[in-house]
Amino acid sequence: MGVDERAKNEPPPGPLLYEVIRNLWPLHRTIVRAVERELTGTGMTAGQHAVMDELHKAGPRTVPQLARLLGLDRQPVQRLVNDATTLGLTETAPNPEHRRSHLIRLTPQGEAAIRSIQDAEETELRRRLSDLTTGDVTTTLHVLRRLGEEFKDLAQNAPPHPTGRGDAPR
């Protein structure tokens, strides 16, 4: 049995998975701060950037669809969309599937803005992370997607922990 075959059959190392999870929260906060720094002077926030990125990637969406894609509640996403609309970056359009739930789409100004930002971000990522291979990034995406699937399932379906951790003392 080759090394790759053995690796596929062995269970994931728990302590290393915990280490990945422990790194995600500070990494997320650091990324948000870096994005906000890069957006200085544009009038955009990191949240608006995320909304515009989804619209650029997936096309027009309703606010509830955007909220699901971003893993956020509808109300904060609605505020982000409203603010982006005020900046002239997004607009509403009729939704042929639902009369009352409009589609949100990028304006030409919004499309140009997000494309320019993404081009600059990609250039900077390539420069700073030139030591990573395509295989490294592919493996990272696989692990993050699997963690996302499992934690989404835990968040939605799992009963409370049997030890009652997190319960207020009585």
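Reply: A residue is termed buried when its relative accessible area is under 20%. In this predicted model, buried residues account for 19% of the 170 residues in the chain. The accessible surface of the chain is about 13,100 Å², and 56% of that surface belongs to carbon and sulfur atoms. The chain contains seven helices and two strands, arranged along the sequence as α-α-α-α-α-β-β-α-α.

The part considered here is the packing around helix α5. Helix α4, residues 63-70, packs with helix α5, residues 74-86, at an angle of about 110 degrees, and their axes lie 9 Å apart. Because angles of 65 to 115 degrees count as roughly perpendicular, α4 is described as roughly perpendicular to α5. The crossing of these two helices, α4 and α5, is right-handed. On the α4 side, the contact is made by Val 63, Pro 64, Leu 66, Ala 67 and Leu 70, while α5 contributes Arg 74, Val 77, Gln 78 and Val 81. By class, this contact of α4 with α5 comprises seven nonpolar residues, one polar residue and one charged residue.

Helix α3, residues 46-58, also packs with α5: their axes come within 9 Å and cross at roughly 90 degrees. The pair α3 and α5 is therefore roughly perpendicular as well. Here Gly 47, Gln 48 and Val 51 of α3 meet Val 77, Leu 80, Val 81, Asp 83 and Ala 84 of α5. The residues of the contact of α3 with α5 divide into five nonpolar, two polar and one charged.

How values were computed. Residues numbered from 1 in each chain as written. Predicted model: local features only at pLDDT ≥ 70, side-chain atom pairs only at ≥ 80, totals over all residues. Heavy atoms only, no water. Axes fitted to C-alpha atoms, helices over the stretch in contact; angles between N-to-C directions. Helix = DSSP H or I, 4+ residues; strand = E, 2+ residues; numbered from the N terminus. Parallel < 35°, antiparallel > 145°, perpendicular 65-115°, else oblique. Left-handed = near helix turned anticlockwise from the far one by under 90°. Contact = heavy atoms within 4.5 Å. Nonpolar A, V, L, I, M, F, W, Y, C, P; charged D, E, K, R; others polar. Buried < 20%, exposed > 50% of the residue type's maximum accessible area, 1.4 Å probe, protein only. Areas by Shrake-Rupley, 256 points an atom, 1.4 Å probe, with all protein chains shown as cover.
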